[in-house]
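Q: I have a model open and would like to walk through it. Can you take my questions as they come?

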Amino acid sequence: MENKMAAYYVAAFLPEEDGGFSIFVPDIKGCITQSETLEEGVEMVSDALRLTLETMAFRQKDIPAPSTMERAKKKAKEYMKEIGYSSKLEVVYQLIKAPSLDMSPVKVTVSLPRSVLELADSKAQECGFTRSGLLARAVQEFHFSKNRRKATAEGRAKNAA
């Protein structure tokens, strides 16, 4: 069995003059969030990283390997210059564990009602998928739509507060 080490990405926590943090992962374009505290920020950026990497894997996009701390800091400084960020407050860097994205197939046995199986086979053929491919895609779609609904609801609740 192959021993795979967990991957960690560097997150840059930019302190805002009026409090809180803007947070981004220099290696993953678009992986950005914000928080009121460092503790909340670690949780928020962990969620943002997981969702971003899962989406990239789902869309079969190349996922960049994590940079060293030194390289990530250099990328962060370039990005901060690009967006015009300047502050006398010190930027905090934190390692964030990447989620497991093992996309290798695993053979399983499932039981479905015959009518559901026939529907799945029909839909798979229509879409150019195998039965397994269709079922995997359906689970991923369900997962992402559920997370979008949750994030939207949390955003509304936070804005209402």
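This is a predicted model: local features need pLDDT of at least 70, side-chain atom pairs count only at pLDDT 80 or more; totals for chains, interfaces and linings use all residues.

Q: What is the phi of Q60?
A: Positive, about 60°, although Q60 is not a glycine.

Q: Buried or exposed, that Q60?
A: Q60 counts as exposed because its relative accessibility is 72%, and the cut-off for exposed is over 50%.

Q: Which residue takes a positive phi in the hairpin of β1 and β2?
A: G19, with a phi near 105°. That hairpin has 5 residues between the strands.

Q: Back up a bit. What is the overall make-up of the chain?
A: The protein chain has 4 helices and 4 strands. Read from the N terminus, the elements go β-β-β-α-α-β-α-α. The chain has 161 residues, and 26% of them count as buried.

Q: How many bridges join β1 to β2?
A: There are 4, and the two strands run antiparallel. Within β2, F24 is the residue opposite A12.

Q: What about β2 to β3, how many bridges there?
A: Also antiparallel, with 4 bridges. In that pairing F21 stands opposite S35 of β3.

Q: I was looking at T33. Where is T33?
A: In strand β3.

Q: Buried or exposed?
A: T33 is buried, because its relative accessible area is 14% and the cut-off is under 20%.

Q: What does T33 touch?
A: Setting aside residues up to four places away in sequence, T33 touches F21, S22, I23, M44, V45 and A48.

Q: Now the core. How many residues are in the largest nonpolar one?
A: The largest nonpolar core has 15 residues. Those with the most contacts inside this core are Y9, A11, V25, I28, V45, L49 and L53.

Q: Which elements supply this core?
A: β1 (8–15), β2 (21–24) and α1 (38–58) each supply at least two residues. The largest share, 5 residues, is from α1.

Q: Take V25. What is V25 in contact with?
A: Once its neighbours within four places in sequence are left aside, V25 is in contact with Y9, V10, A11, C31 and V45.

Q: What does the second core include?
A: That second, separate core has 10 residues, including V10, F24, A76 and Y93.

Q: How many residues line the largest pocket, and which lie nearest its centre?
A: The lining has 29 residues, and S132, L135, A136, R137 and Q140 are the ones nearest the centre.

Q: Which elements supply that lining?
A: α1 and α4 (131–160) each supply at least two of the lining residues. The largest share, 10 residues, comes from α4.

Q: Last one, K123. Where is K123 found?
A: K123 is in helix α3, which covers residues 114–127.

Q: How accessible is K123?
A: K123 has a relative accessible area of 35%, so it is classed as partly exposed.

Q: And how far apart are K123 and L134?
A: In space they are 7.8 Å apart, C-alpha to C-alpha, and in sequence 11 residues apart.

Technical notes:
Residues are numbered from 1 along each chain as its sequence is written. Side-chain values use heavy atoms; hydrogens and water are left out. A nonpolar core is a set of buried Ala, Val, Leu, Ile, Met, Phe, Trp, Tyr and Cys residues joined through side-chain atoms within 4.5 Å. Buried means under 20% relative accessible area, exposed over 50%, partly exposed in between (1.4 Å probe, protein chains only). Contact means heavy atoms within 4.5 Å. Two strands pair if DSSP finds at least two bridges between them. On a 1 Å grid over the protein atoms alone, a cavity is a set of points where a 1.4 Å probe fits but cannot get out, and a pocket is an open set with protein on both sides within 12 Å along at least five of seven lines; lining residues have an atom within 4 Å of a point.
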